[in-house]
Amino acid sequence: MGKVQKRTFRSRANPLGAPTVPGAVTTVQSKEEVPVLITKLGSSDANDRAWAAASANNLLVADDPRVRRMLLSNRISSALIERLTDSVPDVVALASGALCSLAAVDQGAAEEIGRKNIYGAIQPLIPRLAGSIDKIVKQSAEGERLSGEERKAVLLTTDNLLTILWILCETVPSSLKQINSMALIPFLISFFKVADKLPILLVQTAGRLLHALTDENMPAKRALLSHTGSVDVLHNAVKTERLGDAISDDDAAIVRMLAGAVLINLKSLAMEQIEKGSSVNSAGDLTEEAQMWDDATRTILRIIGTITSFDAQTAATRAAALVKDGMEKETDLDRLRAQMDYVQVALELAANIFIDEGASEDNATDANEEAVVENGDLVYAKDLSRDGMDEGSGPNSGDESDGSEGFDQDDMDDVLDGEKAANQITESAVQQSVLGMFIESIVPTLLRLAEPTCMSLLPVAIAECAAETDIVAAGLAEAATEGFVALHERALVCFNNFLLVMEEALKPWFRQHDHHVDAWWRFLVGVVEHTLGAVTAAGERSDADQRLRWTVLEPAAGCMWTLARCVDGAVPTNMAQIEGLIRLCESAPSTDMRVKTIGVLGNIARRQPGFIEENRRAGVYLLDQIVARPIGVLTQSDVSQAAGIEPEPILEALDLLFDIYGDMGYDYDEPVFVRGGILSQLRQLYQPMRRLCKTVDRRKKRVLRDRCDLVTLNLRAFIDYKASEH
């Protein structure tokens, strides 16, 4: 239920105009061809080496798992790393491009090139590349002597190497130690200084590496803050709206956004250092230095808002028209995809910026704590009524009074005044922090980008493009659909991160803004219903269609789960939606997706009073189908069937059932739990649950086994508690 991040990397066939090598292969017909390619990588002839590196890159860009396995089994990664020390710049550029493609398409391969110490091969190249770039930028005599091809090789090699390090940062946590030791901060900062004089893609690559490197990496943060002038360079980059006539406003905005994202990574540490001095003046206001950091957050959100003001519905209509026009308009289609890529980058950064920055500001946290203190009695009473199992809450807790004596109208007024004051504090905290700006400006944009278009479902897109009988057009339609699905996914992930922060730090806000809750819930239900489609159609869908649907459904379900938790299940749902969620759970292709859907059902089952039938449907489904059906077959003498059982959905369902039926005072407890014989069912499931736990190997899955043991222990306690209650 924590922060959601999804990093995707694409192998880029020709990002900055890589050298084209005549005759380089694009396919492999037999496994005998691969050793020939590897041998030529070590040839004494530079042309052979260039051909082999270009061929390797072509094969990896094609992303054929069969070919990739053949290359890896023939030690392609070691051979390519060796070529980074080649004396011919074009070979180095081509080899680094192939390594970049290898790391992008295969995380296992990324880990392998890390183990083979690619860092040691890259380290000595950085000073040489930095020197060459400096000469090119300054247009020195030495720089002028470099031919166009030599300049291209320098820039392309730099881009490839930085991309490799970026991918390793994101996918191989153990790489951070080696990358930190490379002391890249001055080199990466230098790109922001000369962003108008270098290929903008290269500047963006440097920015993304710097952003990844400073994300939850304290040594890199300290190095950047201690490097003289670096923070000022980043602040200036955020403020620079134009980078010259040759660079588009969209590209310039991405550079500004990346600079701002790095600053936000640094903000908490920078503020700590400022606070060691004095971050507040005599009037209680932020000092100029502290205010500069606060302003950076608001500026970056405005930039993101500008980039994400993309009209997905209009873009989908245009994409369909371009596909209908055929290959002659493919360049326009590529341009549209590039524009969508910009938006996806903005959404990814917004998701991370918000989760790191959103509710961590001191005023929001302090206000929330103050609200709890001022309204302590009310919060405590609410917690007891929900849990029903707290020490001292029972009728024989030892109190001399039941607490009702002496509670008069004045006491009630005090409680209500305390709640009103707490709500005002929470509202003020939100409005004064970046949260207020996010709610007003970014959230509406996220929902607009998450809304399905005519190109969001593959069968609909193919029909919209009239591509049913045209293989080429169908391929273009599928590529366009991939882009829109990725856009929806990123928007939903970003929205979920917003909800997660609000749930953790400012949950009372939702009670004051139930109109937002209602609108957001209905929107998410609409996305799920549209994407899931009719039951009868599911079996007729292609693998690609199914994959694309679930790419949207999973983050949508995640948003529904978080939103339902934020309001303790008080969302405007109905029986038809519960049936739809059950259908979604039954058809889910992954354990994670089932857990999310179970989480939604379990939270909306807690609504009361007045939702007895809805509780019965959701609660009985969780007990009968999620818990009892899989583990009921486990007998004392035969636990062989446990191998096919996924514990996570069962654990989540049981945890939810403990919450749902935790108090006999709930209006659904008597008609559903008592009359439905749920206590008897739970008793029968206790021993099978113990058997399931014992099948989870603690040495291999310690966290899962610990959770299994805890839930089983809680099940025993819950059974005893409910037996005493009734």
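Is S175 buried or exposed, judged by relative accessibility?

**Figure 1. S175 in helix α11.** At 0% relative accessibility, S175 counts as buried; buried means under 20% relative accessible area, exposed means over 50%, and partly exposed lies in between (1.4 Å probe, protein chains only). S175 belongs to helix α11, residues 175–181. Helices (H or I, at least four residues) and strands (E, at least two) are DSSP runs, numbered from the N terminus. Not counting residues up to four places away in sequence, S175 touches Y119, L168 and C169, where contact means heavy atoms within 4.5 Å. The model is predicted, so local features need pLDDT of at least 70 and side-chain atom pairs count only at pLDDT 80 or more, while totals for chains, interfaces and linings use all residues. Residues are numbered from 1 along each chain as its sequence is written, and side-chain values use heavy atoms, with hydrogens and water left out.

**Figure 2. The whole chain.** The secondary structure comes to 35 helices and 0 strands. Of the 726 residues in the chain, 52% are buried. Among contacts with a separation of 6 or more, 79% are between residues 24 or more positions apart.

**Figure 3. The largest nonpolar core.** A nonpolar core is a set of buried Ala, Val, Leu, Ile, Met, Phe, Trp, Tyr and Cys residues joined through side-chain atoms within 4.5 Å. The largest one holds 238 residues, and I118, L234, M257, F495, F510, W520 and L654 touch the most other members. Helix α16 (residues 249–275) gives the largest share of this core, 16 residues. In soluble globular proteins, nonpolar side chains tend to be buried together. Which residues does L654 touch, not counting those up to four places away in sequence? They are V627, L682, M689, V711 and L715.

**Figure 4. Helix α12 and its surroundings.** In helix α12 (residues 185–193), the buried residues are I185, F187, L188, I189, F191 and F192. They pack against α8 (125–138), α10 (148–171), α13 (200–213), α14 (218–226), α15 (230–239) and α16. S230 has its place in α15. With 1% relative accessibility, S230 counts as buried. Residues up to four places away in sequence aside, S230 touches I189 and L224.

**Figure 5. Helices α6 and α10.** The axes of α6 (residues 107–115) and α10 come within 10 Å and cross at roughly 110°. That makes α6 roughly perpendicular to α10. Axes are lines fitted to C-alpha atoms, for helices over the stretch in contact, and angles run from 0 to 180 degrees between N-to-C directions. Angles under 35 degrees count as roughly parallel, over 145 as roughly antiparallel, 65 to 115 as roughly perpendicular, and the rest as oblique. Q107, A110 and I113 of α6 meet I164, L168 and T171 of α10. By class, this contact has 4 nonpolar, 2 polar and no charged residues. Here Ala, Val, Leu, Ile, Met, Phe, Trp, Tyr, Cys and Pro count as nonpolar, Asp, Glu, Lys and Arg as charged, and the others, Gly among them, as polar.

**Figure 6. Helices α29 and α31.** How do the axes of α29 (residues 575–587) and α31 (residues 612–631) cross, and at what angle? They come within 10 Å of each other and cross at roughly 15°. That makes α29 roughly parallel to α31. On the α29 side, the contact is made by M575, I578, E579, I582, C585 and E586; on the α31 side, by E613, E614, R617, A618, Y621, I626 and R629. These residues divide into 7 nonpolar, no polar and 6 charged.

**Figure 7. Y621 in helix α31.** Y621 is found in α31 and is buried, with a relative accessible area of 3%. Its contacts, leaving aside neighbours within four places in sequence, are I582, C585, E586, R594, L601, R616 and I626. Y621 and A653 are 32 residues apart in sequence and 9.7 Å apart in space, C-alpha to C-alpha.

Figure 8. Q608 and P609 are joined by a cis peptide bond, with omega about 5°. P609 lies in the loop between α30 (591–604) and α31. N117, in the loop between α6 and α7 (118–122), has a positive phi of about 60° although it is not a glycine. N117 is partly exposed, with a relative accessible area of 42%. A466 has a positive phi of about 55° and is likewise not a glycine. A466 is found in the loop between α24 (458–464) and α25 (471–505) and is exposed, with a relative accessible area of 51%.
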